[in-house]
Each structure stands twice: as structure tokens, then as C-alpha cells.
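This report describes a protein model chain by chain and then turns to a few local backbone features. The sequence and structure come first.

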2 protein chains.
Amino acid sequence: MSQKPSIPQGTRDFGPTEVLQRKYVLSCIENAFKGAGFMPIETPSMENLSTLTGKYGNEGDQLLYKVLNSGDFFKKVVENNAQIVDANLTSKQLLPLIAEKGLRYDLTVPFARYVAMNRNTIQFPFKRYQMQPVWRADRPQKGRYREFWQCDGDIIGSDSLLNEFELLYCYDQVFQSLQIPVTIKINNRKILSALAEACGSIELLHTIAIGIDKIDKIGLEKVMEELQKEGIQDYAIEKIKAYLLLPKSIESLNAIEQICNNNASFQKGKEELEELLNYLNNRIKSSIEVDFSLARGLGYYTGTIVEVQANAGSLKMSIGGGGRYDNLTSIFGLNGVSGVGISFGLDRICDVMNELNKYPENLTAKNTKILFCYFDKAGQHKGLDCTLELRARGIASEVFPDITKKISKQLDYANALNIPYVGIIGETEIETNTIMLKALGTGNQSAYTITDLIKKLGQ
Amino acid sequence: MSQKPSIPQGTRDFGPTEVLQRKYVLSCIENAFKGAGFMPIETPSMENLSTLTGKYGNEGDQLLYKVLNSGDFFKKVVENNAQIVDANLTSKQLLPLIAEKGLRYDLTVPFARYVAMNRNTIQFPFKRYQMQPVWRADRPQKGRYREFWQCDGDIIGSDSLLNEFELLYCYDQVFQSLQIPVTIKINNRKILSALAEACGSIELLHTIAIGIDKIDKIGLEKVMEELQKEGIQDYAIEKIKAYLLLPKSIESLNAIEQICNNNASFQKGKEELEELLNYLNNRIKSSIEVDFSLARGLGYYTGTIVEVQANAGSLKMSIGGGGRYDNLTSIFGLNGVSGVGISFGLDRICDVMNELNKYPENLTAKNTKILFCYFDKAGQHKGLDCTLELRARGIASEVFPDITKKISKQLDYANALNIPYVGIIGETEIETNTIMLKALGTGNQSAYTITDLIKKLGQ
């Protein structure tokens with residue numbers, strides 16, 4: 001009984017070339033982190049739902065993949081809750097009774113959990129990187145997958161803005177080495193807080209931020225309409241409008257000072273932004289844009305907010321983002337530890353690399369330099385010995401496995417896999433202890449001893 | 001509201017040193033595969049349950065992690081099956097209604113699914129390797145984790161026994177390079193089939209195999225008792241006993257020929273074993289043991305069966321295993337494709353490496369060669385510039401982030417992380433444009449220009 005195979009929506013298989021391309025990007029990111037003194041950690045794919053739930057907002061809770069408890073998972077529900085098991089039972093009631101674990105939604109919360117659990121052995125400030133898949137039950141679309149990799153760098157246990165610089169420098173290094181032109185957008189949560197306070201109350205921050213965040217999609221006027229519907233007062237609407245119409249530049253700080261009546265949040269945010277720009281000055285090649293409308297991750301960011309966008313290609317989504325969080329580990333019982341982190345979105349970066357054709361040409365999935373071909377068992381055994389001699393010297397090589405296949409089929413295999421050379425072993429070669437080397441590109445062939453062959457291919 | 005954080009039972013966090021150790025083992029395995037012409041693929045962590053279920057026996061189905069459908073998963077159940085939703089509802093009835101996906105249980109079935117889906121673009125014989133985590137809801141114990149990595153190599157689309165050799169050669173190479181002494185056990189399913197036929201019927205194979213497989217745990221006599229209880233006839237019990245008492249050696253084939261009355265299965269199995277040993281002869285350093293009681297993976301293995309055990313350390317479980325499967329892809333609609341594969345159990349190998357203390361000494365999680373320390377803002381900025389100059393030349397370096405910390409605290413940080421040098425920048429160094437280099441091992445210090453520092457640390 002055969003079945004037509006498929007894979008879950010929003011997930012992908014990666015063939016040999018794609019795996020190599022992804023590893024290439026991963027190694028560029030890893031090199032940048034390692035060069036700056038970051039150390040790797042890895043956390044489990046599954047976390048307890050108590051660790052994950054409530055950390056990503058209501059929408060995030062919806063998008064978490066929950067893993068069903070093992071064994072006779074429903075029996076316990078019936079035994080302990082028989083009175084509620086009927087057609088009125090809701091998903092919300094049932095969920096905590098049948099699922100205790102979920103798949104990692106990002107790398108930040110597991111990192112905070114790790115830091116809280118290992119606080120006594122970690123040397124702070126702790127610079128860690130982590131490159132692993134995460135899972136979200138989101139609607140798949142261009143640039144959005146249900147399984148995708150994040151590559152995170154965080155520096156925790158220090159509130160120095162030099163750490164912000166270090167992370168933006170990693171962005172710069174990586175995108176320079178990948179040859180993707182990017183804009184790094186910067187904002188500071190404290191400036192947004194100052195705006196909310198100037199609009200009447202810090203309580204308005206989330207409403208205002210959600211509105212502002214939509215400006216690229218729906219435009220200024222629609223944002224204003226939505227904020228009005230949310231109950232923002234007229235004078236505040238005018239302030240927000242003025243704020244959003246300002247040029248995306250540090251020069252706009254003076255105007256924002258007016259809008260915010262120079263409150264304490266504004267002063268702190270201004271100082272932080274200016275200090276960060278001072279670190280960045282002349283040290284970074286990517287373009288930096290101070291964007292006061294940038295409002296991502298307000299759930300946990302408390303200071304700097306950053307986002308990276310590619311300046312070329314058709315992907316409109318960010319390929320990286322991050323920010324500073326002053327209280328992240330306190331949800332796991334570790335207070336007073338400030339951190340800042342960034343994330344690279346591996347899958348979107350690979351999409352951009354692909355579209356812009358930026359992968360190095362020498363990324364070949366098949367390393368094999370030579371395939372040994374033969375006519376009989378004696379030739380096969382001699383080919384095998386030659387193969388192993390080459391491999392022992394670091395030269396990837398193969399001997400064709402199937403003795404039943406004619407020599408022309410063996411050559412077809414080498415051609416199909418772009419193996420540059422074949423070594424043919426017939427009766428003459430066995431008698432003279434040589435290999436007939438044929439270059440598949442030119443068709444040229446001549447006899448080699450194994451010693452000479454090692455010299456030639458080891459070059 | 002803080003919570004005491006924890007991770008799911010049977011899963012682990014990996015700190016910097018552990019990640020490096022795991023990567024070291026992974027790179028040894030990957031090198032062996034690449035050198036032999038294997039190409040990498042990766043498959044999604046989640047597969048449709050229709051792909052996974054029924055492939056690993058009843059026990060395997062129990063151990064699969066199932067992922068709950070997203071959204072209001074129970075509403076549909078109620079709408080479509082209101083009549084069964086009551087306290088009599090069983091887990092078995094409910095499962096297919098609320099979970100369509102599961103976590104990968106191994107890499108073999110996803111590989112077969114991949115081959116069936118990509119049959120038109122794959123060049124056969126296809127040599128692939130795949131190194132990814134798998135998940136099993138097994139009872140955690142020494143050497144058994146709920147999330148663990150497999151590193152698989154398979155050659156599919158060829159029935160040549162040279163492929164068996166290639167895979168065993170990978171085992172040999174990897175364990176030689178890791179310096180773990182191992183025994184590679186070999187058997188052939190066809191010999192076990194011959195025994196079953198000689199005991200009355202091929203139908204007895206699984207009963208006999210399950211019994212035989214327990215011999216190391218419960219001993220010969222108890223195995224015989226169990227087989228008797230299973231209804232194996234007395235003459236057959238005598239045959240099995242004689243079979244199990246034979247020395248673990250190819251020399252025992254003559255005696256097995258007597259026990260099996262030289263049937264066709266036996267002849268084929270004998271030929272295959274002898275041909276494989278002929279390939280292995282003088283080409284492999286690890287010890288090879290022909291073990292006719294080896295009976296793993298009979299669910300899909302049809303020819304060669306292999307298992308690897310470490311000859312040192314306290315782990316009694318296998319650290320690798322594999323075999324030949326003639327029909328694996330047929331469950332996904334692709335017939336007539338024979339393959340053979342092996343798996344490395346990364347986590348158990350790392351456990352053995354740890355116990356035997358076989359990791360290279362130079363695996364250091366922190367690459368940083370120098371930490372720049374300073375007294376004020378000017379020193380910090382100069383330190384930052386020096387840091388970036390070193391990094392641009394491939395020398396990992398850092399500048400201490402917190403200007404509020406005294407110089408002694410900065411040195412403590414370098415010491416705690418085994419950073420070999422600090423570069424101290426005070427007023428004198430700024431005036432003379434130098435760096436005071438201090439080797440933390442000896443305490444020696446002297447002034448360097450940045451040019452000389454690059455020369456010294458770049459060595």
C-alpha cells in the first residue's frame with residue numbers, strides 16, 4: 001500500500017546545493033560572532049509551555065506549536081475531568097490538559113531561561129551566539145516559513161551601549177562579506193515612550209506603536225484614522241502626525257524634543273541614540289538610518305531597537321532585528337540583568353542571496369575529484385585501493401559501485417555529477433600498474449602511476 | 001511573577017564547550033562522508049504523521065512526538081464528531097482528529113520520502129549524508145535522550161556490496177580519527193531467515209529474532225524458555241541453541257549450513273557476507289566481528305545488518321548501526337530501489353569521548369586572543385579601534401564593554417575566560433600611541449605599537 005508523500009505546509013527539504021548555500025551563510029555569521037568573542041550555546045527544540053506561553057503576546061501564543069503529551073494522553077483528562085468532557089469542551093480548556101511542551105518560537109526566551117538556570121556558572125557580561133531552527137504556525141508566504149533558522153547574538157549582564165555597537169558591527173561584517181547591501185534602522189524605545197507620554201500617558205505606547213508600525217503598509221492617513229478610532233485625542237493625533245512626518249534622521253531630535261516637551265524619557269533616549277551613533281561613526285560601512293517610527297518588539301525591548309533591510313531584491317521584510325531588554329531574565333527569577341541582542345533571519349537572507357545571485361561559484365555539493373571506472377572485479381578492487389589512497393591524502397574520490405553497469409554508464413554518472421576526472425582501469429592498466437586518467441571537460445586522457453595521480457589531483 | 005525555569009525531561013542545554021565538542025565530532029563524520037562523495041540533504045523537523053506512522057512498529061508509533069494542530073483544534077472535532085465527544089472518547093480515537101504532524105523519529109524514513117519525492121532529479125546511485133536531531137518519547141536513561149542527533153549516510157539505487165564496504169569504511173575512518181576503539185558487528189538478514197525456515201517457517205523470523213536479540217540481557221537459557229513459550233517446537237529450539245552457541249566468526253558458516261539444511265536464503269546470505277568480508281580484507285583497521293545473533297532493524301533490513309560498539313568506556317549501547325533495505329521507498333510509491341545506510345549516534349559518541357577524555361585539548365569556546373582594557377572614554381574608543389584592526393586581520397579580540405568597571409575587574413574578566421592577553425590603554429598609551437600588552441600567564445608586560453601587536457598576535 002503506497003502513499004503519495006508530501007511534507008507539511010511551510011516546511012522545506014533542502015537538497016545538496018541548498019544545504020551548502022545555507023552552511024555558507026551560517027559560517028559567515030559564525031565567523032563574525034567568533035571574531036568578536038561570542039561563545040556558542042544550543043538549547044532543546046522543545047521547551048516547557050510554561051517557559052514559552054505569555055512571552056510573545058496573544059498572537060504568539062496562538063502561533064506556538066504544542067507537542068501532545070505522550071502515551072494515553074486523553075485517559076488522564078477523562079479521569080480527572082470527566083465532568084467537563086463533552087461537546088462543550090473548548091480547545092482552551094483542553095490544551096493545558098494534553099500538552100505540556102512546545103517547539104521553540106525564538107532563541108531569545110530560551111536564552112533568557114538558560115541564563116537564569118546557569119547564572120552561577122556564567123561569567124558576565126556573557127556574549128553568546130546560537131544558530132538553530134525555530135517554529136511558528138504562521139500563514140506561509142514569501143519569506144515566511146513555519147520552520148526557519150535564527151542566528152542570534154546577545155550580550156547580557158552589561159548596559160554599555162558599546163554592546164549595541166558590537167552587535168551592529170556583526171551585522172555590518174556579515175552583510176559586507178555576503179555582499180548584500182543593507183540599511184540598518186535604529187530607534188530607541190524611550191523616544192517612543194516620550195511620544196506616548198506627550199500624548200497623555202505611557203499607557204498609550206502599545207496602541208500608538210501598533211498604529212505607527214503599519215505606516216508602510218497602509219499610509220499615514222489610515223494610521224491616523226485607526227488611532228482616532230482607538231480613542232487617541234485630537235491634540236495627540238496632531239503630535240503623532242508631526243512626529244511621523246519628520247525626516248528619518250538624528251537631526252529630527254530637536255523637533256521631537258518640541259513634540260515631547262523634553263520629558264525625561266526623551267532625554268535618556270536621545271543620550272543613548274547619540275552615544276550609539278558616536279560609536280558607529282566611521283566604523284561601519286552599511287548605511288545607518290535613524291528611524292523614529294521603528295517600533296518592533298515593544299513586548300520586551302526597553303532601549304535600542306534595530307532592524308535590517310536589504311537594499312536590493314524584492315523581499316520587503318526585515319532580514320534581521322534586535323534590541324535591548326532590561327528585564328528579560330526577571331520572568332525566570334533573575335533580576336537586574338540588562339542585555340542586548342540581534343537576530344539574523346537565515347532563510348530570508350538565503351532567499352535574498354539567491355535572488356541577487358551572490359553565492360560563491362565554487363560551492364559544489366559533490367567534492368569528488370575522480371571516479372574510478374572498470375570492466376571487471378579485478379579492476380574494481382584496484383580502483384577501490386586507488387580511491388582509498390587518494391582519500392588518505394585528503395582527495396575526495398569514488399569508485400563506481402555497480403559492476404553490472406557498462407563503462408559508458410559509469411562515465412555518464414561522473415558527467416551528471418560534475419566529477420572532473422575519471423580513472424579507467426582495464427586489463428592494460430592492471431598489467432602496467434597504471435590508471436588511464438581522463439579529463440571529462442576536454443576528453444584528454446593519459447596513463448598515470450598512482451604516485452603521479454596523487455601529485456596531479458592533490459594540487 | 002517569576003517562575004523556576006526548567007527544560008523537558010530527556011533534553012539538554014549545551015554550553016559553549018559542549019557545543020564545540022559536538023561540532024568537532026560532527027566535522028569528523030562530515031569529513032569522512034564528503035571524502036567519499038556523499039552529498040548533504042536536510043529535511044524538516046516535522047513530517048506528516050501519515051509519513052511516520054506504521055514505519056517503526058507499534059512501539060515506534062507510541063514513541064513518536066505528535067504536534068497538535070494549530071488554532072481552535074478541538075472545535076472541528078466537536079463539529080464533526082459531536083456524537084463521540086464524551087467521557088468514553090479514547091486517545092486513539094482523538095489523536096488523528098487533533099494531530100496531523102509529528103517530529104522526525106529517525107533520518108531513514110524522511111530520506112526514503114525525499115528520494116520518492118525527488119526521484120526525477122536524483123542521479124542514482126545517490127550517496128547522501130544527513131546530520132540532524134531526531135525525537136523519541138522514550139524513557140530517559142544513560143545514553144538515551146528524547147532529543148538526540150543522528151548522522152546518517154546512505155547509498156540508494158545500487159545493490160552492490162561495495163556500498164556496504166564504503167559505509168563501514170566511513171565508520172572506520174571516523175572512529176580512527178576520534179580515537180575510539182570500536183568493534184563493527186556484521187550479520188545478514190538472509191542467514192536469520194534461513195534459520196527461521198529451518199525452524200519450520202519464515203513466519204517465525206520475528207519471534208526468533210526478538211528472542212535472540214535479548215541474549216546479552218537475559219542469557220541463553222531464558223531465551224530458550226521464552227521461545228518455547230512462544231510455541232517454537234522442540235527440534236527448532238535445539239537448532240536455535242546450536243546456532244547461538246557457535247563462535248562469532250565467519251568460520252561458523254559451515255555449521256550454520258548444517259543447521260539450516262543449506263537452503264536458498266542461507267546460500268545468498270553466505271555469498272553476501274563473504275563478498276563483503278572480501279572488500280573489507282586489509283582495508284579496515286577497526287575490528288570486525290561476524291555476529292550471527294545480531295538482529296536489529298528487521299522491520300526494514302533485508303540483507304546486511306551492522307552495529308558498532310565502543311570497546312572502551314562504560315556505555316553498553318551501540319554507538320552506530322545500519323543495514324541494507326531493498327524496499328524502503330516502495331511505501332512511498334517508488335519500487336525496485338535498493339539501498340544501504342548507516343547511522344552515527346552523535347550523543348552517545350560524545351558521551352564516550354567525554355568518558356575516555358578523547359577531545360583535543362585545543363577546543364576552546366572563547367577564541368578571543370586579547371581584551372582591551374582602559375580607564376576612560378578616550379581609552380575605550382582607542383581600544384575599540386585597535387580591536388577592529390585586529391579583527392580585520394582575523395585575530396579575535398574584544399574591548400571590555402563597561403566603562404564603570406575598574407581595571408582590576410576588567411582583568412578578572414579576561415582571566416575567567418582564559419583570554420591570554422590584555423591590552424591596557426591609559427593616558428601614557430594614548431599620548432604615545434601604543435598599547436601596554438600584558439600576558440596573563442606570565443604577567444610580563446611591554447608597550448607595542450598596533451603594527452607590532454598585529455605581528456605578535458597574528459603569528
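The model is predicted. Within it, Pro125(A) sits in the loop of chain A that runs between helix H6 (108-117) and strand S5 (126-135). The peptide bond joining Phe124(A) to Pro125(A) is cis, with omega about -10°. In chain B, Pro125(B) likewise lies in the loop between helix H6 (108-117) and strand S5 (126-135), and a cis peptide bond with omega of about -10° joins Phe124(B) and Pro125(B).

Most residues other than glycine have a negative phi, and most peptide bonds are trans. Gln179(A) has a positive phi, near 60°, and is placed in the loop between helix H7 (162-178) and strand S7 (182-188) of chain A. Asn282(B) is not a glycine either, yet its phi is positive at about 70°. Asn282(B) has a relative accessibility of 76%, so it counts as exposed, the cut-off for exposed being over 50%.

| Site | Angle | Value |
|---|---|---|
| Phe124(A)-Pro125(A) | omega | about -10° |
| Phe124(B)-Pro125(B) | omega | about -10° |
| Gln179(A) | phi | near 60° |
| Asn282(B) | phi | about 70° |

Thr449(A) is in the loop between strand S16 (445-448) and helix H19 (450-457) of chain A. Thr449(A) has a relative accessible area of 33% and is therefore partly exposed. Beyond its neighbours within four places in sequence, Thr449(A) contacts Asn433(A) and Ile435(A). Asn433(A) is 16 residues from Thr449(A) along the chain, and their C-alpha atoms are 6.8 Å apart.

On the scale of the whole chain, chain A contains 19 helices and 16 strands. Its C-alpha trace spans about 95 × 70 × 50 Å along the principal axes. The radius of gyration of chain A is 29 Å, whereas a compact globule of 459 residues would have one near 23 Å. Of the 459 residues in chain A, 58% are buried. Among contacts in chain A with a separation of 6 or more, 70% link residues 24 or more positions apart. Chain A exposes about 19200 Å², with carbon and sulfur atoms supplying 47% of that area. Chain A carries 52 positive and 54 negative side chains, and the centres of these two sets are 4 Å apart.

How does chain B relate to chain A, and by what turn can it be laid on chain A? A turn of 180° with a shift of 0.0 Å along the axis does so, with an RMSD of 0.1 Å. That is the relation of a two-fold axis. The copies meet through the same surface, because 100% of the interface residues of chain B are also interface residues in chain A.

Notes:
Residues are numbered from 1 along each chain as its sequence is written. Chains are lettered from A and ligands numbered from 1 in the order in which they are written. This is a predicted model: local features need pLDDT of at least 70, side-chain atom pairs count only at pLDDT 80 or more; totals for chains, interfaces and linings use all residues. Side-chain values use heavy atoms; hydrogens and water are left out. Helices (H or I, at least four residues) and strands (E, at least two) are DSSP runs, numbered from the N terminus. The radius of gyration is taken over C-alpha atoms; the globule rule is 2.2 Å times the number of residues to the power 0.38. Buried means under 20% relative accessible area, exposed over 50%, partly exposed in between (1.4 Å probe, protein chains only). Contact means heavy atoms within 4.5 Å. Accessible areas come from the Shrake-Rupley method with a 1.4 Å probe; for residues, only the protein chains shown count as cover. Lys and Arg count as positive and Asp and Glu as negative; His and the chain ends are not counted. The place of a charge is taken as NZ of Lys, CZ of Arg, CG of Asp or CD of Glu. Copies are superposed by least squares on the C-alpha atoms of residues with pLDDT of at least 70 in both.
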